[in-house]
Amino acid sequence: MTFDWPTALPLIFAGLMGLAILIYVVLDGFDLGIGILFAAAEDAEQDTMIAAIGPFWDANETWLVLAVGLLLVAFPMAHGVILTALYLPVFVLLVGLILRGVAFDFRAKVPAGKKHRWNRIFFLGSLIASLAQGYMLGVYVLGLDVGLGGMAFGALVALCLAAAYAAMGAAWVIYKTEGELQKKAVRWLRTALVLTALGMAAVSLATPFASPRIFDKWFVWPEMLYLSPLPVLSALLFLWLWRQTFHLPRPDDSHALTPFLTLAGIFVLGFAGLAWSFYPFVVPDKLTIWQAASATESLAIILAGTVVVLPIIIFYSFYAYRVFGGKATDLTYD
Amino acid sequence: MDTLILSRIQFGANISFHILFPTITIALGWVLLFFKLRYNATNDSAWMRAYFTWVKVFALSFAMGVVSGVTMSFQFGTNWPGYMEKVGNIAGPLLAYEVLTAFFLEAAFLGIMLFGFRRVSNRVHTLATVLVAGGTTLSAFWIIALNSWMQTPDGFEMRDGVAHAVDWWAIVFNPSMPYRLVHMLLASGLTVSFLIAGLSALRYLAGDRSESMWKALRTGVFTAAILIPVQIFAGDQHGLNTLEHQPQKVAAMEANWNTGPNVPLVLFALPDETAKENRFEIAIPDGASLILRHSASGVVPGLNDYPGNHPPVFPVFWGFRIMVGTGLLMLAVSWSAAFFLKRRNALPRPLAMLMVPMALSGWLATLAGWYTTEIGRQPWLVTGVLKTADAVGPVAGSHVALTLAIYLILYVLLLIAYLGVLVHLALKAAKDGDSSPLPGVMKTAMSQPAAGA
């Protein structure tokens, strides 16, 4: 096979878009998860939890802008089809993200008496955004089916993703805090893991039956063999993480980051499974990445910029995380 | 109402809400840098107090800008799929470069700028402030480039009904881009200087005579007094550029129905599009010809040259007048305040009371200006390439009506909360005065994590 740009570029951009979505889900996943866990936290704990994500959430949400930007830029046809089909869920997602994002700032700046209100809005916004993302994923998996079955499946994925985000949030709290809150977060993590595992099992069982296309893709020999490491590895990671939760937090606070990294690993595996199920379609069964791609010269000029800028972005993102490394203390403007 | 008009109202509402906040953050970033550099140079803690009051406004405005901006990036797809399908090859890369070069930069260093004071050295903190301010300005550069390209497209060719890029330099620096960019950056500077001056005047009225109040007040008033004549000149140049490239917009701005010489400058009128005439007109003879052509007999384009191809006259005419009127009021207020501050070293109470509502004058002028230029582009979405009506998506009108209603409620509530917080912050700063708790400012970074920070 000879290498030619018109074939390679859409593939590269599909990969970049996937990468942006994956990074977004992992990074904003713990932000949203902490928002969901707000419901179970005391006032003082909420301040510490906000301090654990306050300096990062803006940059984390930017990955979503990059993902939808790449969809819009690289696959304009698909962008229109997907977003018009998901009009109302996208709207719900945006309302959730708006409420969540502004609550971050309002809760710290309003008179003390109104702080409670914005804490509740922060929880609600995070929950709404998580559910909407899960619902959209579910409907998308079924090829943008918005019938009753599609909605039910979407609701199932929504709950599963919200639970998974809550687990991520708990794992991040374990990493960024100490003392009582850290112990509490371990308990949160256990609960969230049970819900996530149940949800993932239900979704995995329902998916091939809800979508004949995915059924055909999953249960064919020998692809089944190549695919088998994904569910097996995920299950092993789950079990291992479950065992870990009985030993955390350790007296010397070692392995505080382990739950988060393990969960990120599970997300990567799940994402790889999804990517496998869809390839080469960007709109399931309707548009392949080549049919939906924009002009080669436009993709080339974006790629040139991306190749230069993306490593820089990743570098300074790491720098920002390092500056605010260690256990979270109350956020002050100093 | 149908999907088209509802989608237009929705996008208009979203973009109007959105632009309020970048208009503040673009220039406020540089003002914060100025406060910071003054502090670095003088070691006067009043500068740092001013910084910490206004960095909170910056943080809140930034968050509002981010969430409303994310909303808009989705709405291209949910409401206007035809836009990306037709001109995605041009718009896509410009938006991508905005996200890649500006958005990430701002977002990553914002955390350090807001919360990192004790965690990095003073030098790195100043650098973070520079990067955030530079990032917001770079953001504006790319967005204005795209918007200007939609007004005066250049550097492309149509192949199979889709725009393809031919010359990226011509696309980015299209005919109206430099004018619009300068006009917008100055608008941001004016909005922020009036906001700072207005909220400082509120502190003054609340009895605050602290050094940080005076420093912020002077910064706001003098910046405004310097920028407003520059803006009037830049706006005039922008208008002449529009006359050259989008004459139908100028015809609507002037409510000039017939092409010809000796066109009057209409000060007040109710343009009637069905009768093609102005009712209750008050005008200065030859005024428009003099301003636009520098000669009383200069020929000014009229709407009769563009049948069915010109924007609605009423909103463009009034949008332009509100913008210019606000600008003249800004000139009068900022120069009077500058005079009293400079010569009398005081601020008369009535002037201070006028300056409080003028805190939002920048918003009013910016919105009116954007309405003039955006409605003035209609019926085109991309001039001569794509009509707005052809870009709208297949979503049911009832869905758009529902989302529009909720957006409007949400935006009104958020705006009330935002303004409430601004007033709250100003009054709190007024109460604390120069005794407000000052964060530990050190030349070297603390060990991490910051103990008890």
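In chain B, the C-alpha centres of domain 1 and domain 2 sit 27 Å apart. These domains cover residues 1-176 + 385-453 (domain 1) and 226-245 + 247-376 (domain 2) of chain B, with bounds taken from an automatic or database domain assignment. Eight residues of domain 1 of chain B are in contact with eight residues of domain 2 of chain B, where contact means that the C-beta atoms, placed from the backbone, lie within 7 Å. On the domain 1 side of chain B, the largest share, four residues, comes from helix α1 (residues 3-42) of chain B. Helices here are DSSP runs of H or I with at least four residues, strands are runs of E with at least two, and both are numbered from the N terminus. Sorted by class, that side of domain 1 of chain B has three nonpolar, five polar and no charged residues; Ala, Val, Leu, Ile, Met, Phe, Trp, Tyr, Cys and Pro count as nonpolar, Asp, Glu, Lys and Arg as charged, and the others, Gly among them, as polar.

A word on where this comes from: the model is predicted, so local features need pLDDT of at least 70 and side-chain atom pairs count only at pLDDT 80 or more, while totals for chains, interfaces and linings use all residues. Residues are numbered from 1 along each chain as its sequence is written, and chains are lettered from A and ligands numbered from 1 in the order in which they are written.

As for confidence, pLDDT (the predictor's confidence in each residue, from 0 to 100) averages 88 over chain B, and 96% of the residues score at least 70. Where pLDDT is low, the predicted coordinates should not be read in detail. The complex gets an ipTM of 0.84 and a pTM of 0.88 from the predictor.

Now for the two chains together: 64 residues of chain B are in contact with 59 residues of chain A. On the chain B side, α3(B) gives the largest share, 22 residues. By class, that side has 43 nonpolar, 17 polar and four charged residues. Helix α3 (residues 57-74) of chain A and helix α3 (residues 81-115) of chain B have axes that come within 9 Å and cross at roughly 170°. That makes α3(A) roughly antiparallel to α3(B), a label for angles over 145 degrees. Axes are lines fitted to C-alpha atoms, for helices over the stretch in contact, with angles from 0 to 180 degrees between N-to-C directions.

Terms used:
Angles under 35 degrees count as roughly parallel, over 145 as roughly antiparallel, 65 to 115 as roughly perpendicular and the rest as oblique.
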